[in-house]
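Q: Could you take me through the surroundings of the ligand in this model? I would like a close look at that one part.

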Amino acid sequence: MFNFDFYNPTRILFGKDRLGSIDKYVPTDATVLITFGGGSAKKSGLTDKVKTILGKRKVYEFGGIEPNPHYETLIKAIEIVRSKNIDFILAVGGGSVIDGTKFISLASNYKGDPRELLKYGFRHIPFDALGKVVPFGTVLTLPATGSEMNNGAVISYEHGKFPVMSEAAFPKFSILDPTITFTLPKVQVANGVIDAFVHTMEQYMTFPVDAKVQDRIAEGLLQTLIEIGQTTVSEPENYDARANLVWSATMALNGIIGTGVPQDWTTHMIGHELTALFGIDHGQTLAIIFPAVLEVRRIQKRAKLLQYAERIWHIKNGSEEEKIDLAIQKTSEFFESLGVRTHLSLYNVNADKIPVVIEQLKAHGLTALSETQDLTLDISQKILERAM
Ligand code: NZQ
Ligand code: ZN
């Protein structure tokens with residue numbers, strides 16, 4: 001196992017009827033900005049409930065944070081934070097609203113051009129570069145990204161998606177009430193299952209470092225997602241299935257399973273380009289790219305692929321190659337069983353677009369991906385060809 005630091009200060013308030021905790025954890029004298037998305041939280045009455053709970057606090061609202069939140073939208077919220085002296089933000093939404101809120105929180109008192117914060121990539125933005133960070137909490141409406149308990153955000157700017165990371169970007173608290181997610185369309189639930197699955201796999205499917213705890217927790221998450229995936233898509237109000245999805249998605253990217261192990265974020269990096277170029281949902285891009293990564297990197301990932309085949313899919317018979325083939329096939333079939341297509345051509349993107357994706361990867365400096373940084377643009381090209 002590698003050395004590691006682990007830090008995660010986010011308070012999780014999980015279960016039914018937890019909205020009332022907002023009153024306990026938002027300072028009583030705060031001026032609050034509620035951030036939300038395109039309208040689902042308004043329509044369901046959730047933002048009104050939150051406002052009622054905030055009681056006598058002074059409250060402003062900022063709606064319209066779109067999926068894959070755009071810098072230009074967030075800048076408008078930053079103006080409100082500055083002009084109204086907002087001192088607490090409450091994000092009510094999925095990964096996009098939470099990520100957008102993280103950026104608003106970090107950038108509101110930043111002295112320079114906020115676009116500079118998009119240039120750090122996976123390097124953490126230090127506290128002293130930021131000025132006063134506006135604290136925020138979240139009410140999660142979509143289980144998928146893990147953003148509710150981590151310190152990362154992904155912000156869209158021009159034709160790119162840019163990671164923004166900082167120890168200052170952890171939510172103070174997150175309310176995880178599975179019943180709030182019952183209104184999700186099936187396609188978003190399926191996307192969420194796949195996002196959580198692939199987050200887990202990108203911290204697991206590398207090379208062995210004898211990290212038994214991390215491996216076993218990751219395997220528990222994968223098995224849970226396989227067990228409840230179809231149920232939670234087809235039975236939106238099945239509380240137990242949804243509760244297990246919510247906690248799996250949070251656990252998949254709150255840092256715990258990534259401690260002390262190699263990580264390979266290739267699928268996410270290529271997937272982000274597909275979203276930015278063609279508007280394909282985040283979860284769908286992962287369903288397209290991940291099986292192709294396993295196929296193209298089967299030599300580098302051989303030992304873990306065999307472990308995955310045996311422990312997750314219980315494949316006992318056949319040669320090692322056959323076991324790996326079957327494990328990859330079962331992974332694709334699992335995604336498809338949730339109603340998500342796993343080939344790029346099925347999203348009306350054909351092979352003639354591969355050079356455009358490669359150009360974007362190059363423009364964003366994503367030329368040495370993987371757990372060993374040996375994944376060149378040529379290999380990304382092979383992955384995209386395999387994903388067609
Ligand atoms: O905007 P509204 O009207 O709220 O509708 C949203 C949106 O259209 C809808 N929705 C959310 N909760 C709902 C609901 N509809 C009905 N009922 C509810 N309870 O769902 C749609 C998608 O929402 P979005 O927030 O975009 O989805 P998701 O949570 O999958 O977030 C995706 C974003 O997160 C980033 C992605 O790149 C993408 O921008 N990621 C963030 C990560 C992180 N911070 O750690 C890691 C991830 O890998 C990911 O990259
Ligand atoms: Zn993701």
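**Around ligand 1**

A: Happy to! Keep in mind that this is a predicted model. Let's begin with a polar contact: His272 places a polar side-chain atom 3.1 Å from an oxygen atom of ligand 1. Lys161 does likewise, with a polar side-chain atom 2.7 Å from an oxygen atom of the ligand. Gly95 takes part through its backbone, where an N or O atom lies 2.7 Å from a ligand oxygen. On its own, ligand 1 would expose 960 Å², and the protein buries 87% of that area.

Which elements give two or more residues to the shell around ligand 1? They are helix 5 (95–107), strand 6 (152–157), helix 6 (186–202) and helix 9 (266–278). The shell counts 32 residues, and the closest are Gly38, Ser40, Ser96, Lys161 and His199. By class, ten of the shell residues are nonpolar, 19 polar and three charged. Both domain 1 (11–180) and domain 2 (184–387) give residues to this shell, so the ligand lies between them.

Domain 1 and domain 2 each supply at least three residues to the pocket lining.

Note on methods
Residues numbered from 1 in each chain as written. Chains lettered and ligands numbered in written order. Predicted model: local features only at pLDDT ≥ 70, side-chain atom pairs only at ≥ 80, totals over all residues. Heavy atoms only, no water. Near = heavy atom within 4 Å. Polar contact = N/O pair within 3.5 Å; in protein donor to acceptor, adjacent residues only side chain to side chain. Areas by Shrake-Rupley, 256 points an atom, 1.4 Å probe, with all protein chains shown as cover. Helix = DSSP H or I, 4+ residues; strand = E, 2+ residues; numbered from the N terminus. Nonpolar A, V, L, I, M, F, W, Y, C, P; charged D, E, K, R; others polar. Domains from an automatic or database assignment.
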